[in-house]
Amino acid sequence: MIKTQGLTKKYGSTLAVDQLTFEVQPGIVTGFLGPNGAGKSTTMRMVLGLDNPTEGTVTVNGKSYRDLAAPMQEVGALLEASAVHGGRSAWYHLLWQAQAAGIPKHRVDDVLEMLGLSEVAGKKVGGFSLGMHQRLGIASALLGDPPVLLFDEPVNGLDPEGIRWVRALFKRFADEGRTIFVSSHLMSEMEQTADHVLVIGRGKLIADMPVAEITQRSAQSHVKVLSPAADQLAPLLVAAGADVSTGARNELMVTGIDATVIGETAASNGIVLHELSPRRASLEAAFMELTQDAVEYRADGNAPNLTDIQETARELTSERSA
Amino acid sequence: MTVTSAQSRPLGGARQPGFGSVLASEWTKLRSVRSTWIIIVLTITLSIGFSALIALVQGVTFDDWGPQEQAVFDPLINSTSGLLFGLILLIVLGVISVTSEYSSGTIRTTFIATPKRLRVLAAKTLIVGLLGIIIAAIIMPAMIFVSQMIFGAYGMETVSAGDEGVMRLILSFIFAGGLIYTLIPLAIGFILRGAASAITLSIGLFFLPWMLAPLLPNWVQENIIRFLPDLAMDSLGGIIAADSAMYLSQTPAIVTILAWLVGSVAVAAFLLKRRDA
Ligand SMILES: Nc1ncnc2c1ncn2[C@@H]1O[C@H](COP(=O)(O)OP(=O)(O)OP(=O)(O)O)[C@@H](O)[C@H]1O
Ligand SMILES: [Mg+2]
């Protein structure tokens with residue numbers, strides 16, 4: 001389990017991470033989402049004891065990373081796959097890490113095999129493709145067979161087969177009870193990989209909830225209703241607690257109540273329905289909505305619109321607890 | 001959502017890493033890149049080769065020298081003409097053993113594997129320092145031996161191991177030279193984190209005072225220059241004459257050299273602990 005408390009990082013005047021408090025639970029895949037420059041990598045570097053927090057604390061399994069007795073056997077990490085010495089072979093690249101971490105040599109061959117890199121084990125890393133670098137980075141993370149794994153943008157450069165493999169690996173590891181923390185700005189990817197997401201924008205936590213919920217709560221998730229008596233139905237749905245907007249002829253877009261309630265309301269009032277279909281917003285859309293303010297701020301460089309982000313966050317969390 | 005607690009499965013044969021693990025890892029890093037071996041081979045061949053070449057040129061032209069020049073010819077000092085190349089390459093070895101980690105980004109992987117950063121500094125210091133001593137122990141006697149053979153062949157004056165000053169020069173250059181030319185640059189590498197700047201600063205520190213010293217007033221030589229690491233080593237090795245303003249006697253020279261070694265590594269350690277990786 002990874003736990004942060006008021007975690008804050010300033011680089012000079014840049015506030016990269018701002019009062020982050022969260023827990024990453026074992027047994028599930030937790031996505032760490034945010035637009036470019038949101039502070040994902042900075043947070044991960046602080047988890048690993050590489051960057052010192054300006055304020056706040058972060059622990060892994062209850063301890064500060066630097067106090068772990070056998071760190072690579074407790075936490076595996078992929079930060080930047082390109083951070084390798086181009087003149088060293090893949091095998092040696094993993095060997096020096098294994099030696100430093102107290103991991104037996106045979107494990108190097110095992111992880112190379114797992115990642116399909118056995119054939120290029122003796123080749124210089126400098127000649128590797130983007131995808132091979134990524135695999136080598138994942139191999140490093142798995143060296144110590146650790147119960148906690150951190151991946152910063154792990155699918156960058158992987159082909160579809162590689163992405164499927166990585167996704168399945170995360171799921172399997174989560175099922176084994178490990179803690180999996182994966183960052184990405186590719187929402188569509190996270191939608192299929194993560195069970196839970198932490199969304200950050202400009203260093204601040206915007207949302208912390210199950211993936212299913214984040215898409216459900218998005219304004220873009222709605223139920224489409226087609227009925228010849230749409231005019232009659234709309235006020236009834238509003239009375240039942242829905243927000244209703246009218247679309248094309250006979251079409252209603254309903255948010256706030258689910259399809260079951262709509263169907264029952266219609267039935268008990270003798271209204272015929274021609275279509276009743278829940279439309280779920282993609283995580284992508286939900287994410288865009290959540291981080292819009294953060295992105296806009298970055299793009300035009302205006303004064304921070306903090307209230308908007310906090311508003312969104314508050315709405316989301318209050319809806320969640322409701 | 002079911003949350004099972006994460007239990008760590010002991011990996012067959014895995015153990016808690018200690019300082020020995022870091023030593024093994026750092027040695028693997030160094031020996032697994034070709035550049036290390038290229039630098040070592042160049043250090044040895046260039047210093048011995050150039051010393052031999054200069055000795056040969058001196059031998060061939062010796063008869064053309066004036067009697068005064070022939071009389072003051074020092075066969076010991078003149079057999080280390082190629083040492084400059086070796087020393088520059090030792091500096092490069094010390095610097096890049098650190099800066100290659102910063103330029104490639106492996107320094108973060110290193111500190112993920114070994115979050116106790118001072119262990120990494122200590123392991124690199126030990127390995128690179130030992131390597132410096134070994135290389136110096138190869139080139140010093142070899143340069144002198146080869147040059148004496150050449151001088152002898154041309155009927156010039158020669159020295160042998162038992163002669164006064166010979167062992168003093170060899171030993172002080174092996175130990176003081178092998179250490180200061182690798183470890184001060186290594187520490188500077190950690191401090192500046194870039195190869196170009198660290199090599200420039202190191203070369204400036206070691207060679208600039210030598211070139212500037214004759215132009216500087218006596219009190220600068222006496223109070224500053226002679227306490228610089230390269231000058232202290234030259235005093236120790238007997239290259240600087242005992243009556244020179246830049247001369248330091250044995251004990252203060254050794255203390256000065258140790259102070260430079262400890263001081264530079266201590267600054268590196270201080271910054272390493274404080275800074276973000
Ligand atoms: N070492 C550093 N020095 C100065 N500023 C930094 C440093 N590292 C990160 N930053 C700044 O901190 C902010 C957060 O950066 P970070 O790399 O953590 O974002 P990210 O969410 O990982 O982005 P991306 O999706 O682009 O990887 C950015 O504004 C970045 O410019
Ligand atoms: Mg990043």
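1. A polar contact here is a pair of N or O atoms within 3.5 Å. With that cut-off in mind, a backbone N or O atom of A:A38 sits 3.1 Å from an oxygen atom of ligand 1. Please keep in mind that this is a predicted model.

2. Two further pairs are worth a look. A polar backbone atom of A:G37 is 2.7 Å from an oxygen atom of ligand 1. For A:S41 an N or O atom of the side chain takes part, again with an oxygen atom of ligand 1, at 2.7 Å.

3. How much of ligand 1 does the protein cover? On its own, ligand 1 has 630 Å² of accessible area, and the protein covers 64% of that.

4. Which elements of chain A give two or more residues to the shell around ligand 1? They are β2 (14-24) and α1 (40-47). The largest share comes from α1(A), with 4 residues.

5. In total, 15 residues surround ligand 1, and A:G37, A:G39, A:K40, A:S41 and A:T42 are the closest. By class, the shell holds 7 polar, 4 charged and 4 nonpolar residues.

6. On confidence, the average pLDDT of chain A is 87, and 86% of the residues score at least 70. Residues 296-310 of chain A fall below 50, although this stretch has 19 contacts in the model beyond near neighbours in sequence. Residues 316-322 of chain A also stay under 50, with 10 contacts beyond four places in sequence. Where pLDDT is low, the predicted coordinates should not be read in detail.

Definitions and conventions: Residues are numbered from 1 along each chain as its sequence is written. Chains are lettered from A and ligands numbered from 1 in the order in which they are written. This is a predicted model: local features need pLDDT of at least 70, side-chain atom pairs count only at pLDDT 80 or more; totals for chains, interfaces and linings use all residues. Side-chain values use heavy atoms; hydrogens and water are left out. A residue is near a molecule or strand if one of its heavy atoms lies within 4 Å of it. A polar contact is a pair of N or O atoms within 3.5 Å; within protein, one must be able to donate a hydrogen and the other to accept it, and residues adjacent in sequence count only if both atoms are side-chain atoms. Accessible areas come from the Shrake-Rupley method with a 1.4 Å probe; for residues, only the protein chains shown count as cover. Ala, Val, Leu, Ile, Met, Phe, Trp, Tyr, Cys and Pro count as nonpolar, Asp, Glu, Lys and Arg as charged, and the others, Gly among them, as polar. pLDDT is the predictor's confidence in each residue, from 0 to 100. Contact means heavy atoms within 4.5 Å.
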